[in-house]
Amino acid sequence: MKVYYKTLKDLPREELFAPGHRMCAGCGAAIAMRWITKTIGPNAIIANATGCVEVTTTPYPETAWMHPYIHVAFENSAAVASGVEAAIKALRRKGLWDAGDTKVVVIAGDGGTYDIGLQSLSGMLERRHGVLYILYDNEAYMNTGIQRSGSTPKFSWTTTTPVGTAVRGKIQWKKDIMGIVMAHRVPYAATASISHILDMVNKIKTALEYTSEGPTFLHIFAPCVPGWRYPENKTVEVARLAVETGYFPLYEWDHGKLKLNPPSNAHLDKSKRKPLKEYLKLQGRFAHLTDEEIAELEKELDAYWEYLGKLAQL
Amino acid sequence: MTLPTATELPIGAVVTEPGSTRRNITAGWRALRPVIHDDRCVRCQLCWMYCPEGTIVELKGVFKVGNRTYDTKYEINYDYCKGCGICANECPTKAIEMVPE
């Protein structure tokens with residue numbers, strides 16, 4: 001990651017995401033969208049997958065976006081962006097493109113990336129289109145009523161994985177999307193959290209600059225107030241605890257090298273991480289967890305950190 | 001609000017006016033109103049950074065607060081504030097207070 005913004009005073013001031021959209025009060029994805037649009041600047045085209053952000057920002061005939069914006073369907077946001085990027089390339093070759101260095105950015109939720117849009121994302125990464133793909137991860141299908149997705153963590157309550165005596169929330173583990181993306185040997189992929197804004201904007205800018213080499217990917221952690229069942233003023237606190245407990249490590253994959261970013265670079269040592277319970281107890285979706293279930297989640301987390309540590313040594 | 005008829009709308013559901021959700025005032029969503037106490041504000045920018053709506057407005061100029069002088073001041077645009085309270089929760093000096101509407 002190159003450091004484009006050193007201090008908070010250097011952050012871009014111009015607002016390119018209009019208020020008045022219908023996202024919930026305290027929405028984590030809204031913070032992410034504000035900073036994505038600010039950082040990519042006005043010369044960019046946005047392709048959006050169906051999801052919370054698409055539904056709430058474009059209530060016809062209004063839009064919160066100030067960029068050229070296209071939404072087609074749930075599963076094909078990466079394919080749409082591939083087409084836009086190829087069209088710009090063709091027009092530039094013919095000398096008909098006079099808008100300069102226009103970037104193409106995809107914004108998709110976890111449903112549109114982990115489950116429904118996975119094949120079009122894989123196709124885009126394999127064909128080496130110069131597109132920045134941004135995934136905002138709120139860990140379920142939130143706007144249709146909190147159904148489980150491939151991103152929902154184990155033991156999490158959702159409306160399709162209810163909690164009872166036989167089933168204790170979701171049965172399966174969360175999918176490792178960064179592993180899937182890194183396996184495509186992309187130039188740049190990174191995770192970021194809305195609680196660590198400087199880290200996030202520097203990663204967005206770095207990924208945007210690397211699109212001249214090929215596809216880049218960003219995984220942004222965005223807590224959801226109604227789906228995760230926590231008070232609406234705790235959004236940033238929840239996101240920060242996810243990083244500090246090691247639940248959501250901040251790292252980047254830069255041309256085949258994995259690097260942990262602060263504060264996660266200290267977390268390879270387990271004693272430096274806060275107990276996972278601090279993150280879980282804030283959220284109603286984990287309110288049913290027993291101590292054994294928390295221990296099981298912690299064991300899996302330790303195994304994940306061991307895997308990350310080995311990857312970082314490569 | 002009067003909506004355009006079917007024949008007046010552009011073809012293909014294209015929205016031609018950028019940022020037009022500004023017409024939708026979301027002040028009515030709010031149950032608690034954030035109030036900035038300027039004497040306690042240390043200009044750390046955290047509320048401006050973490051506001052999901054971008055309703056914290058940064059003003060430039062010379063602002064005298066007690067015996068200190070600052071070059072910025074933060075105000076809240078109450079037209080769009082949804083009253084989530086992230087600003088009050090993140091404020092390190094507790095300069096933002098949530099008061100009932």
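Select chain B and check its radius of gyration, taken over C-alpha atoms. Chain B has 18 Å, whereas a compact globule of 101 residues would have a value near 13 Å. That globule rule is 2.2 Å times the number of residues to the power 0.38. The C-alpha atoms of chain B fill a box of roughly 60 × 30 × 20 Å along the principal axes.

This is a predicted model: local features need pLDDT of at least 70, side-chain atom pairs count only at pLDDT 80 or more, and totals for chains, interfaces and linings use all residues. Residues are numbered from 1 along each chain as its sequence is written, while chains are lettered from A and ligands numbered from 1 in the order in which they are written.

Helices (H or I, at least four residues) and strands (E, at least two) are DSSP runs, numbered from the N terminus.

Next, select residues 28–40 of chain A, helix α1, and residues 197–210 of chain A, helix α7. Their axes come within 10 Å and cross at roughly 45 degrees. Axes are lines fitted to C-alpha atoms, for helices over the stretch in contact, and angles run from 0 to 180 degrees between N-to-C directions.

Now show the side chains at the contact (C-beta atoms, placed from the backbone, within 7 Å). From α1(A), pick A:Trp35, A:Ile36, A:Thr39 and A:Ile40. From α7(A), pick A:Ile197, A:Met200, A:Val201, A:Ile204, A:Lys205 and A:Leu208.

Conventions
Two residues are in contact if their C-beta atoms, placed from the backbone, lie within 7 Å.
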